Amino acid sequence: MSLIVNSEFSNDVAKITLSGALDSSTASQLNETVQKIIPQSPKELVMFVEKLDFMSSAGLRVIIYAKQKLGPAVNLILVKPQEQLVETLRMTGLIFSVNIVDNYPE
Amino acid sequence: MAEFDTRIDYYPTHELNGIKYRRGRVLPFGATMVPNGVNFSIYSSTATSCTLVLFKKNAELPFVEIPFPDEFIIGNVYSMIVFDLDFENLEYGYRMDGPFDPGNGHRFDQTKILSDPYAKAIGGRDVWLAPPNWEKLYPFRSRLVFEDFDWEGDKPLETPTEDLIIYEMHVRSFTNHPSSGVKYKGTFAGIKEKIPYLIDLGVNCLELMPIYEFDEYEHSKQNPETGELLVNYWGYSTLNFFAPKSGYAATGKYGMQVDELKTLIKELHKNGIEVLLDVVFNHTAEGDHRGPTISFKGIDNKTYYMLTPEGYYYNFSGTGNTLNCNHPIVRNMVLDCLRYWASEYHIDGFRFDLAAILGRSQDGSPLSNPPLLESLAYDPVLAKCKLIAEAWDAGGLYLVGSFPCYGRWAEWNGKYRDTIRKFLKGDEGVVGDLSQRVQGSPDMYLERGATAGINFITCHDGFTLNDLVSYNQKHNEANGENNNDGNNENYSWNCGWEGETDDENINKLRHKQIKNALTILMVSQGVPMILMGDEMGRTQYGNNNTYCHDTIINWLDWSLLEKNTDLHNFARHMIHFRHKHPVLRNKFHFQNRDYKNTGFPDISFHGTKAWQADWANTSRVFAFMLDGGHAKNGYLNDDIIYVAMNMYWEPLSFELPQLPPGKNWHVAVNTEKSTPSDIYPFLKEPKMQNQHDITVWSRSIVILVGK
């Protein structure tokens, strides 16, 4: 399965929409997007992940990387993650580093 | 991602099939991420050549095999940096060439692809008991891990050893039973869900049975009678010393076992619970000359294993081979490994399986000053870690009481286990020995203090506490070895019927005996260890060697909490009793004198007459009194605690020591009574009407608190 990554940046908020599978073969796509966003110093990074069906270790690593690069003051928001993704974040402890919400103005 | 480093060091100098590489750095061993690449480094003293083999994750065939050019070899170390690798999607191994000359200790086989001894994760058994592809060219694959976990300020807890209450646990057994109610059964995540239970129970230290990557299919077979698949369930057979067992992680199938384990450790630490690992450095999963070549055997057989003069494997472990751990190279690997777990996983300490082997020289003879044990004791990174030895091995070396300790090492006190068991079943001639055990075994650890001994009555090896009072004999038929395996000397007593029974009197006596055992364990100086489930009467159906069962024989049945409410209630209150009374947790031995001028010696011994212990061979009674003014070796004040034990088959009256004016005896524990009168919560102990003597019922223990 492939991954589709869309991103936009406005009003100091970076938005990334993901759909498909975030695994070792596709994580580099997200990583490239994150690399471009970091120098713009967003105040918030919002990931719309409702249509993200799978995340492996590689995807987790990109989220950890983004969080570490942006620093604790920048909110990392996941919008409407599927149950599997929430469970993965919970078991690996990353759930404490992100905010999970049901809605965010697109 | 790290920025590109422009120093010349990082430019590739070689290329093969489009893969760019250059000479690497010799240290550290293993695969290390460096800017734009991975540094691979491996040692072999006798290989004639080495090839790095790289796979995409789960691919059947490698995408490249890169021989190490001569100029990449420094001393006996092969190192190489390979550029532009996808860390997430990479598996690697080595081919080593050299002589196949078993008589001289060499077993090179270039057809095998070998796991890296320093790999930080291993692929191949990602999901517990998932059927493997037996034809796979390279079954146990080295992988890279990231060290980007957010510990949020966590570090090892450094709880004083004398304050620990250890709970020995098998990761899968703890929550795999359907009754556990957790979402991810049998995993690290499952344990995390049960942290509230552990807090309520009061234990402050988990000792996890092996969690290094192992192959649950090793030596698997079908029980000829039942058809049950018997597996390497306990995991005392290491594939790799640096990699956590993927099958113990719910996220193992996604390659996130490292994160899941670290999350568990962080959460346990947040709740004041330490984590000890049961580590198996005495042998590996490669077996003897008939066993598979997975890693060490094909990399440098003669270095990693103790070999006979004919080139066969010494078998001091009882499992086929013996790791040559006092060889300087292997010693360094053990040190590197433990440092890694202490620093990267925040592990609080280690229990060394069959640790007497770690004191053997390369020819197998016992050393008086074993360099590995000394190195571990003085290591700067491990300086605050608990080091605990199972101070015997399968080759007959028994070092309980004499394990080379360097002021650091503690021991599983096997003599404590045997003495308490004999006393509980009413054996004669045990009281003198018992008096030493409850004092923290000063006869064995005079110079080392009370914390040198880990006190236990049961552990994974042998009967559970319920079975100790329910079976006279082991019943290991389910292991498929004609009941020949497992220990024959269990010092157990079935209370009148072998196995389960509906007889109320027998069941009542069994519960009382379990409470007696827990009581003695919690009032003994030293460090108590409880076996998972003993607090709720877990049974292994009389099996005292359950190494091979992935069934209810091993899984903790949580419905026992309802069935044996009285046991669980008693256990948690007894644990809290120990936490509330520092006089039970002294670091140094008693002096048998009143060095604080309180009017009582720190410990005194009694019998049915106060101040007169009955040391006769026929005696089955023992009482002792701890003076609270001498708590924590005189630094804290506590109540006076009096413990009277009667393992005689008739009730006996015990004359009580007279308390100072203004103090009275209160009943904290009476194992003869039924719940809730068997144990009273702290500060709710009822005052005794009769302050002069007390009847202690047959096979019962009473604890009084003087305040």
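Two strands count as paired if DSSP finds at least two bridges between them. One such pairing in this predicted model places L54(B) opposite V64(B), a residue of strand β6(B). The points below cover chain A as a whole and then a sheet in chain B.

**Chain A: elements**
- Chain A contains three helices and five strands.
- Along the sequence these elements come in the pattern β-β-α-β-α-β-α-β.

**Chain A: size and packing**
- The radius of gyration of chain A is 12 Å, close to the 13 Å that the globule rule gives for 106 residues, so chain A is as compact as a globular protein of that length.
- A box of roughly 30 × 25 × 25 Å, taken along the principal axes, holds the C-alpha atoms of chain A.
- Buried residues make up 35% of the 106 residues of chain A.
- Among the contacts in chain A with a separation of 6 or more, 70% are between residues 24 or more positions apart.

**Chain B: the sheet**
- Chain B has an open sheet of five strands, in the order β6-β5-β9-β13-β12, with antiparallel pairing.
- At the edges of this sheet are β6 (64–67) and β12 (121–123) of chain B, each of which pairs on one side only.
- Neighbouring strands of the sheet are turned against each other by 35 degrees on average, direction ignored.

**Chain B: strands β5 and β6**
- Strand β5 of chain B covers residues 49–56 and is joined to β6(B) by four bridges.
- The two strands, β5 and β6 of chain B, run antiparallel.
- Across this pair, L54(B) faces V64(B) in β6(B).

How values were computed:
Residues numbered from 1 in each chain as written. Chains lettered and ligands numbered in written order. Predicted model: local features only at pLDDT ≥ 70, side-chain atom pairs only at ≥ 80, totals over all residues. Rg over C-alpha atoms; globule rule 2.2 N^0.38 Å. Buried ≥ 20, exposed ≤ 12 C-beta atoms within 10 Å, placed from the backbone. Contact = placed C-beta atoms within 7 Å. Axes fitted to C-alpha atoms, helices over the stretch in contact; angles between N-to-C directions.
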